[in-house]
Amino acid sequence: MADTPHNFGRRIPWPGGAAQAVGTPIQPSVVYRSSDPDALDDRYEGRAPGYSYAREGHPNADVLARAIDAMEGAEGGIVTGSGMAAITAVLLGFLRPGDHVVGGDQLYGRSLRLMREDLPRLGIATTLADPTDTAAVAAALRPETRLLLVEVVSNPTLRVADMDGLLQLCRERGVRVAVDNTFTTPRAYRPMDHGADIVIHSVTKLLAGHSDATLGYVAARDPELMAAITDFAVTAGLTASPFDCWLAERGLHSFALRYDRAEANAAALADHLAALPGVRRVLYPLRPDHPDHNRAVHLLGTRGGTMVSFEIADDRGAANALTRAAGGIPFAPTLGDIGTTLSHPASSSHRGMTDAARRALGVGDGFFRVSVGIEEIGLLTEEFTEAVRVSREVPPGDATKI
Ligand SMILES: Cc1ncc(COP(=O)(O)O)c(C=O)c1O
């Protein structure tokens, strides 16, 4: 008689008790079992809930997506493996060769690259236009324009798009509007409440908030469009890992608190920087000297956001000195972390531009962007005061001295 086979490698059924846990469990399984082919049909055809293969969906992605849906006033959004994956899923899930798309001329750098290089390579024409000027966007529209991709507040000059004008224009011209809401977040602006068709996030940033998960999110109002975006994301493997989703969902619980504190810090830091000798210009949407101040107040109310940009002498030596002297504040090309980070667009996000094009935007070597965190404001004002002071001691043109 043969030995009884050992149960090597066969999975033990999930105990189920974890469903009662207050903390969200993590389900890392790549694959899910079904009782029979009919049950699998029911699942694929939407008659029964459940999962089959993690690239197509898993509980941690759904928990996170439902939480962001609720924040954005959206339904049926999906989580993707990065913010760029969400943008790619929208563009390639929706557009076809021969279509035309208009993008804001100050979109995030990789979005600009998609617009300038990748879409044209695939037969999709693109035009960049200034989203603070609805007439300029109107002039860019063509009969075959199907989509406008825009950010509400631009990086790093913090210009505020004419969202009311753009949404009305696109409604009249039958063009869908996709809003990358990464900077503004639903705390300040909910695109779907204003009639946008698609909302996109780099969840990596403020929503997750701890610089430990790279994720995106996208929701579309039209279920057919959402299905096309979802299908492309699943096919191209743009979907997200359970652990990242778990981390981000955990971060989301403190999002509103983090945002409010960081925003109050940003407003205070902007005023502090503006009064420092050596600071030539401060950009913060709610300051009366911001070029889009009135629009910012109209669109965002008291929500000036968590980003501040400022300018010192246009000199690489002074910029090096400032970043070194602000040693407690990581000099890092990101935003939305719980702690303050400092970035220098001329050497990071805008390094691919010609000097002349960068300077036309007002982004010289003395231009910095601060993603403000939740520290005690006194700590931040002290560190920036010292960093700006040290930067002023560098003789002009001396890139080596601190
Ligand atoms: C406004 C904006 N959109 C999209 C992205 C891309 O997000 P991810 O890095 O998660 O792909 C970024 C990244 O910095 C961003 O700032």
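Biologist: Into which domains is the chain divided?

Modeller: Keep in mind that this is a predicted model. The chain splits into domain 1 (31-252) and domain 2 (255-392). Taken over C-alpha atoms, their centres are 27 Å apart.

Biologist: How many residues of domain 1 are in contact with domain 2?

Modeller: On the domain 1 side, 25 residues make contact with 29 residues of domain 2. Two elements each give two or more residues to that side of domain 1: α7 (185-188) and α9 (242-252). The largest share, three residues, comes from α7. By class, this side of domain 1 has 11 nonpolar, 10 polar and four charged residues.

Biologist: And how do I read the core?

Modeller: Start with the general idea: in soluble globular proteins, nonpolar side chains tend to be buried together. Here the largest nonpolar core holds 110 residues, and those touching the most other members are Val79, Val90, Leu148, Val177, Val218, Ala248 and Val308. Helix α3 (residues 83-94) contributes the most to this core, nine residues.

Biologist: Why does this core lie between domain 1 and domain 2?

Modeller: Because domain 1 (31-252) and domain 2 (255-392) both give residues to it.

Biologist: Let's zoom in. Which residues does Val218 touch?

Modeller: Leaving out residues up to four places away in sequence, Val218 touches Gly77, Ile78, Thr80, Ala86, Ala89, Val90, Ile198, Ile200 and Ile229.

Biologist: Last one: which residues are closest to the ligand?

Modeller: Ser82, Gly83, Met84, Ser202 and Thr204 are the closest among the 13 residues surrounding the ligand. Sorted by class, that shell has eight polar, three nonpolar and two charged residues.

Key
Residues numbered from 1 in each chain as written. Predicted model: local features only at pLDDT ≥ 70, side-chain atom pairs only at ≥ 80, totals over all residues. Near = placed C-beta within 6 Å. Nonpolar A, V, L, I, M, F, W, Y, C, P; charged D, E, K, R; others polar. Core = buried A, V, L, I, M, F, W, Y, C linked by C-beta atoms within 7 Å. Buried ≥ 20, exposed ≤ 12 C-beta atoms within 10 Å, placed from the backbone. Helix = DSSP H or I, 4+ residues; strand = E, 2+ residues; numbered from the N terminus. Domains from an automatic or database assignment. Contact = placed C-beta atoms within 7 Å.
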